[in-house]
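My notes follow in the order I looked things up.

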Amino acid sequence: MTTPSTQQTLQTLSEEYQKLQTDLQTHVSTLSTLSSQRTENSSVLATLSTHPDSAAIYKLIGPVLLKQEKAEAETAVRGRLDFIGKETERVEKTVAEMQERSEGKKMEVYQLQTKMQEGK
């Protein structure tokens with residue numbers, strides 16, 4: 001027989017699972033954004049490498065274009081790529097941990113539902 005406490009436990013587990021799924025989706029979206037940023041910055045670095053060292057490079061800051069040395073621009077882009085790479089690794093690790101926790105929570109819900117059905 002299903003008791004109110006068992007139903008409450010099932011409700012709590014289901015809510016925890018839903019929250020994990022929502023958080024997981026947020027992190028997967030972050031990975032997608034980081035991937036786009038990596039692609040964009042890699043393209044910028046490739047474009048910079050085709051210009052001579054004496055080429056005029058401009059950086060848009062707000063509504064203003066500021067002149068920048070090529071070496072300085074390349075260093076800034078490499079720094080961004082390094083940061084994006086580290087952030088991607090961190091988020092991928094978080095996603096893997098969340099997927100594991102989510103699967104565990106899903107199994108808890110399934111086991112409790114099975115137990116409740118057997119008790120009826």
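This is a predicted model: local features need pLDDT of at least 70, side-chain atom pairs count only at pLDDT 80 or more; totals for chains, interfaces and linings use all residues.

**Helix pairs and charges**

I started with D23 and K19, which sit 4 residues apart in helix α1, so about one helical turn separates them. They form a salt bridge, with the closest N and O atoms 3.0 Å apart. I then checked how open each partner is. D23 is partly exposed, because its relative accessibility is 26%. K19 has a relative accessible area of 52%, so it counts as exposed.

Next I moved to helix α2 and looked up K86 and D82. They are also about one helical turn from each other, because they are 4 residues apart in that helix. Their side chains meet in a salt bridge at 3.4 Å, N to O. K86 is exposed at 54% relative accessible area, while D82 is partly exposed at 42% relative accessibility.

R90 comes out as partly exposed, since its relative accessibility is 46%.

How many salt bridges does the structure hold? I got 8. I reminded myself that side chains of opposite charge can pair when their charged atoms come close.

One group goes beyond a simple pair: E16, K105 and E108 are linked in a network of salt bridges. I followed E108 a bit further. It is found in helix α2 and is partly exposed, with 36% relative accessibility. I also checked E108 against L10. In sequence they are 98 residues apart, but their C-alpha atoms are 8.7 Å from each other in space.

**Overall layout**

Time to step back. I count 2 helices and 2 strands in the protein chain, and from the N terminus the order is α-β-β-α. Helix α1 covers 4-49 and helix α2 covers 70-119. Strand β1 takes residues 57-61, and strand β2 takes residues 64-68.

Is the chain compact or drawn out? I compared its radius of gyration with the rule for a globule. The chain has 25 Å, whereas a compact globule of 120 residues would be near 14 Å. The box filled by the C-alpha atoms is roughly 80 × 25 × 15 Å along the principal axes.

Among contacts with a separation of 6 or more, 78% are between residues 24 or more positions apart.

For the surface, I noted an accessible area of about 8700 Å², with 53% of it belonging to carbon and sulfur atoms. Of the 120 residues, 25% count as buried.

**Cores**

Which residues make up the largest nonpolar core? I listed 7 of them: L20, L24, L34, I84, V91, V95 and M98. Both α1 and α2 supply at least two residues each, and α2 gives the most, with 4. I zoomed in on L24. Leaving out residues up to four places away in sequence, L24 touches V95, M98 and Q99.

There is a second, separate core of 6 residues, and L48, I57, V77 and L81 are among them. For context, nonpolar side chains tend to be buried together in soluble globular proteins.

I looked at one residue on each strand. Q68 lies in strand β2. Buried or exposed, and why? Q68 counts as buried, because its relative accessibility is 12% and the cut-off for buried is under 20%. Setting aside its neighbours within four places in sequence, I found Q68 in contact with I57, K59 and A73.

On strand β1 I picked Y58. Y58 is partly exposed, as its relative accessibility is 49%. Together with L60 and L65, Y58 makes a nonpolar surface patch of about 360 Å².

Note on methods
Residues are numbered from 1 along each chain as its sequence is written. Side-chain values use heavy atoms; hydrogens and water are left out. Patches are made of residues with over 30% relative accessible area and no salt bridge: like charges are joined within 9 Å, nonpolar side chains (Val, Leu, Ile, Met, Phe, Trp, Tyr) within 5 Å. Accessible areas come from the Shrake-Rupley method with a 1.4 Å probe; for residues, only the protein chains shown count as cover. A salt bridge is a side-chain nitrogen of Lys or Arg within 4 Å of a carboxyl oxygen of Asp or Glu. Buried means under 20% relative accessible area, exposed over 50%, partly exposed in between (1.4 Å probe, protein chains only). The radius of gyration is taken over C-alpha atoms; the globule rule is 2.2 Å times the number of residues to the power 0.38. Contact means heavy atoms within 4.5 Å. A nonpolar core is a set of buried Ala, Val, Leu, Ile, Met, Phe, Trp, Tyr and Cys residues joined through side-chain atoms within 4.5 Å.
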